[in-house]
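Have a look at the sequence and the model, then read on.

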Amino acid sequence: MKKLNIAYVGFGKSTNRYHIPYIKIRDHFNISRIVNRTLGKRPEQAVLEANGTVFSTDINDIIQDDSIDLVIVVTPGSAHYETSKKLLLGGKNVICDKPLVETLEQAKELVGLAKERKLFFMPFQNRRFDSDFLTVKKVLETGYLGDLIDLTVTMDHYRPADASRGENFDGAWYGHGVHLVDQMVSLFGKPETVQYDIRSTRDADAVDDYFSVNLIYKKFRATVQATELAAVSRPKWVVYGSKGTLVKEHVDQQENDLKAGIAPGDEGFGADTSQDFAQLTYYNQNGDRIEKSIPTVLGDYGRVYDSAYNSLVHGKEKLVSDEQILAVIETLENAFK
């Protein structure tokens with residue numbers, strides 16, 4: 001099996017929590033270089049260096065290294081555009097953390113650069129591999145629900161003291177909304193119209209921390225919503241169809257397990273217990289009312305890397321198409337126009 005040499009720009013919490021643990025259990029990647037603005041002697045760095053990873057503070061070290069097959073940008077969001085542009089101009093294939101960029105114009109420029117240079121370029125939309133999303137997707141595909149009428153997906157937290165100043169790009173809509181909008185775009189494509197309700201509820205002068213946004217499609221509505229003031233979280237998913245209803249109360253467990261020090265590959269990682277399963281109520285062809293639990297499809301954020309490998313090595317289509325990239329950023333940006 002061909003191994004890809006990868007490099008990271010950024011070595012903070014996200015790199016060490018949402019990226020490297022998934023790479024460690026995959027044999028077809030080698031972490032060749034890591035560039036960070038400052039270097040310390042944290043244990044994670046020492047472990048990687050012992051296995052041959054080279055650390056430095058200059059992104060040009062990556063650009064000038066012809067052995068690097070793929071670069072993953074995990075910088076603060078404000079640096080995504082410039083960092084990705086520099087790497088693409090330097091001839092590198094790029095995965096960039098999300099939100100990718102702030103404006104459609106920036107997204108179009110980066111997508112155009114990649115096409116022009118025949119390079120791979122894609123955002124790290126790992127929540128396409130959330131267990132709850134995969135479960136809902138599977139139920140939609142089975143046809144239990146009939147024709148889709150209304151779907152609501154929620155990302156609630158209770159963080160009353162975390163209000164902060166910043167730009168639109170720093171708020172919940174770009175930060176959380178990007179996941180949910182991308183999930184909808186991956187399922188249904190670009191919405192026909194969008195209705196926005198975005199607010200700053202903890203501090204009027206802070207960045208937005210609440211949104212309820214309706215993505216209007218031809219025959220149904222998909223609502224994406226979140227608040228940072230949910231003492232009791234709403235169900236993660238509520239899906240109504242002409243023949244039934246699906247409710248998934250609980251979120252994917254990968255993030256909670258990662259925070260608890262449980263790693264990908266460990267027994268039970270990311271798995272739901274039976275009481276966390278989605279509940280489906282539907283009417284069958286005989287008109288019988290059926291209630292059943294739907295076992296959760298296991299999530300795996302590392303599948304973003306698998307898809308990139310298949311694109312780079314086997315020429316497969318990208319997980320996130322250019323059209324989807326642009327549709328997501330346009331939907332996000334239009335909220336503030």
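## Rings that meet

Phe29 and Tyr305 are both buried, meaning that each has under 20% relative accessible area, while exposed is over 50% and partly exposed lies in between (1.4 Å probe, protein chains only). Keep in mind that this is a predicted model, where local features need pLDDT of at least 70, side-chain atom pairs count only at pLDDT 80 or more, and totals for chains, interfaces and linings use all residues. Residues are numbered from 1 along each chain as its sequence is written, and side-chain values use heavy atoms, with hydrogens and water left out.

How do you describe a pair of aromatic rings? You give the distance of the centres and the angle of the planes. Rings of Phe, Tyr and Trp (its six-membered ring) pair here if their centres lie within 6.5 Å; planes under 30 degrees apart are stacked, over 60 edge-to-face, and the rest tilted. That rule gives 15 aromatic pairs. One of them is Tyr22 with Phe269, edge-to-face at 6.2 Å centre to centre and 70 degrees between the planes. Tyr22 sits in helix α1 (residues 13–23) and Phe269 in the loop between α9 (254–259) and β14, so this pair ties together parts that are 247 residues apart in sequence. Tyr22 is buried at 1% relative accessibility, and Phe269 is buried too, at 9%.

Phe29 and Tyr305 make another edge-to-face pair, with 5.6 Å centre to centre and 75 degrees between the planes.

Helices (H or I, at least four residues) and strands (E, at least two) are DSSP runs, numbered from the N terminus. Six strands form an open sheet in the order β3-β2-β1-β4-β5-β6, with parallel pairing. At the edges are β3 (54–56) and β6 (121–123), each pairing on one side only. Neighbouring strands of this sheet are turned by 20 degrees against each other on average, direction ignored; the axes behind such angles are lines fitted to C-alpha atoms, for helices over the stretch in contact, and angles run from 0 to 180 degrees between N-to-C directions.

Two strands pair if DSSP finds at least two bridges between them. Strand β4 (residues 70–73) and strand β5 (residues 94–96) run parallel and are joined by three bridges. In this stretch, Val73 stands opposite Cys96 in β5.

Helix α6 (residues 131–142) has twelve residues and reaches 17 Å from its first C-alpha to its last, close to the 16 Å expected at 1.5 Å a residue. That expected span is 1.5 Å times one less than the number of residues. Among the buried residues of α6 are Phe133, Leu134, Val136 and Val139. The helix's buried residues pack against several elements, including α8 (177–188), β13 (244–248) and α10 (303–314). Just after α6, Gly143 takes a positive phi of about 90 degrees.

The largest nonpolar core has 91 residues, and Leu246 is one of those that touch the most other members. A nonpolar core is a set of buried Ala, Val, Leu, Ile, Met, Phe, Trp, Tyr and Cys residues joined through side-chain atoms within 4.5 Å. Not counting residues up to four places away in sequence, Leu246 touches residues including Val136 and Val139; contact means heavy atoms within 4.5 Å.

## Leu312

Is Leu312 buried or partly exposed? Leu312 counts as partly exposed, at 28% relative accessibility. This residue is found in helix α10. Leaving aside neighbours within four places in sequence, Leu312 is in contact with Leu4, Asp69, Leu70, Asn93 and Phe120.
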